[in-house]
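Subject: Structure handover

Hi,

Here is the structure I promised to pass on. Please open it alongside this email. My notes follow below.

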Amino acid sequence: MRDVAGSWLSGPTSGSGPEQKFKGENLGLPESGPGSMAPLGVRFGALVVDWLLAYGLVAAIVSVGGPGALGGDSLAAVSSWAVPLVWGVIGVVCVWLFAQTPGQAVLGIGTARVDAEERVGFVRSLVRVVFIFFLLPPLIQDEDGRGMHDRATGTALIRSR
C-alpha cells in the first residue's frame, strides 16, 4: 500500500520511464543554458509583458481615434474585449513567425517544437493561445514543467540565451 500512495504523492508523471534528474531531460533538452526548459516565473513574466503591450496598443488606438474607434464609450468599455483580442493576435503571429512573443524575447525565452526541428507553425500557435487564454491548461503541468497547452501542441518554452 505504501508503494501505491508514494506513486501518486510524488507528483504527476506522463510516462512510466525512469525519473528524470531535471525538467526537460526526457525531452532531450539540456539542464541549463540555451535550449533548456524556461522556469515558470520567467514564463509568467513574459505573459505579463505581452499583456501590458496589448493594453498599451489598445490605449494608443483609443487615445488617437477615441473610444468610438473601437466601438465603445471609454477605454474601460473597449479594453475588456480588445486587450485579449490584441494579446491573442500578438501571441499567434509572433510565435508563428518568430518563435517567441515580445515578452518572451525580452525575458530570453522562446517557443519550440519538441517533436520536430521545424517551426511551431500557425495552427499550433493558434491552439496554444486559445489554451493559454483559458488559463487552466498552463497551470496543469507535467514533470517537464510543460502545461497542457504545450503538451497538446508538442511545444515547450525554452531559454533562448
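Arginine 113 is buried, at 17% relative accessible area. Keep in mind that this is a predicted model.

**Salt bridges**

What does arginine 113 pair with? Its partner in a salt bridge is aspartate 115, and the closest N and O atoms are 3.0 Å apart. Aspartate 115 is partly exposed, with a relative accessible area of 48%. The cut-off for buried is under 20% and for exposed over 50%. So arginine 113, at 17%, falls on the buried side, while aspartate 115, at 48%, falls in between.

The pair does not stand alone. Arg113, Asp115, Glu118 and Arg124 are linked in a network of salt bridges.

Next, look at aspartate 142. Which arginines does aspartate 142 form salt bridges with? One is arginine 151, with the closest N and O atoms 2.8 Å apart. Another is arginine 146, at 3.7 Å from N to O. Aspartate 142 is buried, at 9% relative accessibility. Arginine 146 is buried too. Arginine 151 is partly exposed, at 40%. In total, the count comes to six salt bridges.

**Overall layout**

The chain has 161 residues, and 35% of them count as buried. Its secondary structure comes to seven helices and two strands. Along the sequence the pattern reads α-α-α-α-β-α-α-α-β.

**Helix H3**

H3 deserves a look. It has 24 residues, yet its end C-alpha atoms are only 30 Å apart. A straight helix would reach 34 Å at 1.5 Å a residue. Where is the kink in H3? It lies at tryptophan 81, shortly before proline 84, and comes to about 40°.

Buried residues in H3 include Val78, Ser79, Ala82, Val83 and Pro84. Further along H3, the buried residues include Trp87, Gly88, Ile90, Gly91, Val92, Cys94 and Val95. An α-helix has 3.6 residues a turn, so residues three or four places apart point the same way.

The C-alpha atoms of valine 95 and serine 125 are separated by 6.0 Å, although the two are 30 residues apart along the chain. Serine 125 lies in helix H5. Is serine 125 buried or exposed? It counts as buried, because its relative accessibility is 1%, and the cut-off is under 20%.

**The largest pocket**

The largest pocket has a volume of about 410 Å³. It is lined by 24 residues, and the closest to its centre are Arg43, Leu47, Ile132, Pro138 and His149. Which elements give two or more residues to this lining? They are helix H2 (40–65), helix H3 (75–98), helix H5 (122–133), helix H6 (136–139) and helix H7 (148–153). H2 gives the largest share, six residues. By type, the lining divides into 13 nonpolar, seven polar and four charged residues.

**In brief**

- The salt-bridge network of Arg113, Asp115, Glu118 and Arg124.
- The kink at tryptophan 81 in H3.
- The largest pocket, with H2 giving the largest share of its lining.

Best wishes

Methods: Residues numbered from 1 in each chain as written. Predicted model: local features only at pLDDT ≥ 70, side-chain atom pairs only at ≥ 80, totals over all residues. Heavy atoms only, no water. 1 Å grid on protein atoms, 1.4 Å probe; cavity = no way out; pocket = protein on both sides within 12 Å on 5 of 7 lines; lining within 4 Å. Points joined across faces, edges and corners; volume = space filled by probe spheres on them. Helix = DSSP H or I, 4+ residues; strand = E, 2+ residues; numbered from the N terminus. Nonpolar A, V, L, I, M, F, W, Y, C, P; charged D, E, K, R; others polar. Salt bridge = Lys/Arg side-chain N within 4 Å of Asp/Glu carboxyl O. Buried < 20%, exposed > 50% of the residue type's maximum accessible area, 1.4 Å probe, protein only. Expected span 1.5 Å × (residues − 1). Bend = angle between axes of the 7 residues up to and from the residue.
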